[in-house]
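Me: I have a structure to go through with you. Can we take it piece by piece?

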Amino acid sequence: MRALQLLVLLLFGLVGAQQQALMDYLERRLLAIEDRISLWHDQTSRYASELREFKQQMVAQLEGLDKTKEVLRTELDTVGTRVDRVEREMDYLETQNGVQPCVDVDDKLVEQQVTVVKERNKAKYSKLTDCSDMISSIKAMKILKRVGGTKGMWTKDMGAATGKVYIFNGTDDNTLYEFGSVRDLTSSQGLSSATSIQLSSSWRGMGHAVYKHHLYYMKDGEETRLIKFDLQKSIVVDSAVFPAKNQLPVYSLNPETYIDLAVDEEGLWAIFATQENERHISLAKVDPKTLDIEQTWDTPCVRENAEVAFVICGTVYVVYNSKLPSRSRIQCVFDVSDMVTNDDAPHVYFPKRYGTHSSLKYSPMEQLLYAWDDGYQILYKLQMKKKLEV
């Protein structure tokens with residue numbers, strides 16, 4: 001009987017050992033499966049993270065490609081204009097150095113043809129303008145600030161209501177300063193608080209213009225070249241040789257300025273002088289998109305003792321140094337539409353307090369003059385009247 005009990009116990013022991021071995025085996029398999037599941041989870045998380053990063057990279061590259069496509073489209077749009085510009089400049093150079101014709105032309109016939117062309121140009125231009133305002137008087141004067149040196153220029157964008165103010169300190173530099181508003185300028189401690197904009201080349205003189213988010217200025221150097229600079233992208237978008245040879249300083253009292261760019265209700269103008277008509281000031285209408293010279297006029301306004309000039313409604317006003325102490329006066333006007341003659345020039349004195357105006361920029365949207373006088377930034381508020389009232 002005892003032997004039988006021992007046999008039963010032995011059998012139960014063997015079964016228990018097999019069960020324990022089976023349990024151990026199952027536990028090891030479960031642990032291995034858990035390890036594989038954990039590894040799979042880690043790999044899946046890593047793959048998902050890498051996929052997200054790859055997606056972000058692809059999105060960034062697609063955005064970059066879209067920007068590049070827009071830049072290429074813009075450059076392609078301007079290729080035709082640039083080719084035309086080169087052709088015009090080549091034509092201009094050929095006209096300056098061309099061979100004399102080998103035919104005799106009657107002088108009277110030539111004069112008649114020139115007269116016909118001038119009359120056609122005048123008629124064409126008259127149809128483009130309906131502006132008829134002119135200066136009546138200086139209504140008010142406000143001295144805002146003294147920033148910078150004796151000579152310089154300050155202006156707003158005369159073709160867009162941005163409110164930004166631009167400071168050009170000196171007669172040749174490649175850095176201009178931008179303030180968010182006139183108030184920011186008046187409350188500033190100097191140019192250090194302004195945003196600096198670096199140009200690709202230095203400007204020449206004080207005859208710059210800011211018009212519809214673009215800066216127009218004359219490049220410093222031997223060649224008289226007009227530069228169009230995009231102020232939003234900070235790049236040069238176009239340039240052209242100014243088609244006038246043997247240029248002279250346009251104002252005797254500001255000899256640094258050879259071309260004075262002006263903006264009025266009708267767009268962009270250039271005030272200049274050449275040796276061909278050395279005593280007098282000339283005027284040109286400029287296409288701000290292509291920089292083409294649409295038409296030119298010889299004015300009766302002399303360069304002698306002239307300080308500055310500006311344009312309002314197609315009429316150029318030339319300011320001269322007056323014999324009165326600390327005063328300047330408009331003494332000559334020229335109207336491209338012939339509605340105002342020089343005899344109708346308004347007797348307008350500027351209540352100047354310091355030296356000679358180095359620049360005067362007209363704002364057609366505000367009917368204000370932005371003046372630079374010995375480092376002082378001054379605003380002149382204008383009283384206007386219709387040209388037909390003179």
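Me: Which strands form the open sheet, and in what order?

Reply: Four strands, in the order S10-S11-S12-S13, with antiparallel pairing. Strands here are DSSP E runs of at least two residues, numbered from the N terminus, and two strands pair if DSSP finds at least two bridges between them. This is a predicted model: local features need pLDDT of at least 70, side-chain atom pairs count only at pLDDT 80 or more, and totals for chains, interfaces and linings use all residues. Residues are numbered from 1 along each chain as its sequence is written, and side-chain values use heavy atoms, with hydrogens and water left out.

Me: Which strands stand at the edges?

Reply: S10 (259–264) and S13 (293–302). Each has a single partner strand, so one side of each is left without a neighbour in the sheet. Neighbouring strands of this sheet are turned by 25° against each other on average, direction ignored; the axes are lines fitted to C-alpha atoms, and angles run from 0 to 180 degrees between N-to-C directions.

Me: How many bridges join S12 to S13?

Reply: 6, with S12 covering residues 280–286 and the two strands running antiparallel. Ser 282 has Asp 298 in S13 as its bridge partner.

Me: And what about S8 and S9?

Reply: S8 (residues 225–230) and S9 (residues 235–241) are antiparallel as well, over 6 bridges. Lys 228 is bridged to Asp 238 in S9. The hairpin has 4 residues between the strands, and Ser 234 takes a positive phi near 60° there.

Me: Switching topic. Which residues have the most contacts inside the largest nonpolar core?

Reply: Trp 154, Ile 167 and Leu 261, in a core of 33 residues. A second, separate core has 25 residues, including Ile 138, Tyr 317, Ile 330 and Tyr 380. A nonpolar core is a set of buried Ala, Val, Leu, Ile, Met, Phe, Trp, Tyr and Cys residues joined through side-chain atoms within 4.5 Å.

Me: How much of the chain counts as buried?

Reply: 40% of the 390 residues, where buried means under 20% relative accessible area (1.4 Å probe, protein chains only).

Me: Last one: where is Ser 193?

Reply: Ser 193 is in the loop between helix H3 (182–187) and strand S5 (195–198); a helix is a DSSP run of H or I, at least four residues. The side chain of Ser 193 reaches the backbone oxygen of Gly 190 at 3.1 Å.

Me: What does Ser 193 touch?

Reply: Phe 179 and Ser 188, not counting residues up to four places away in sequence; a contact means heavy atoms within 4.5 Å.

Definitions and conventions. Buried means under 20% relative accessible area, exposed over 50%, partly exposed in between (1.4 Å probe, protein chains only). A polar contact is a pair of N or O atoms within 3.5 Å; within protein, one must be able to donate a hydrogen and the other to accept it, and residues adjacent in sequence count only if both atoms are side-chain atoms.
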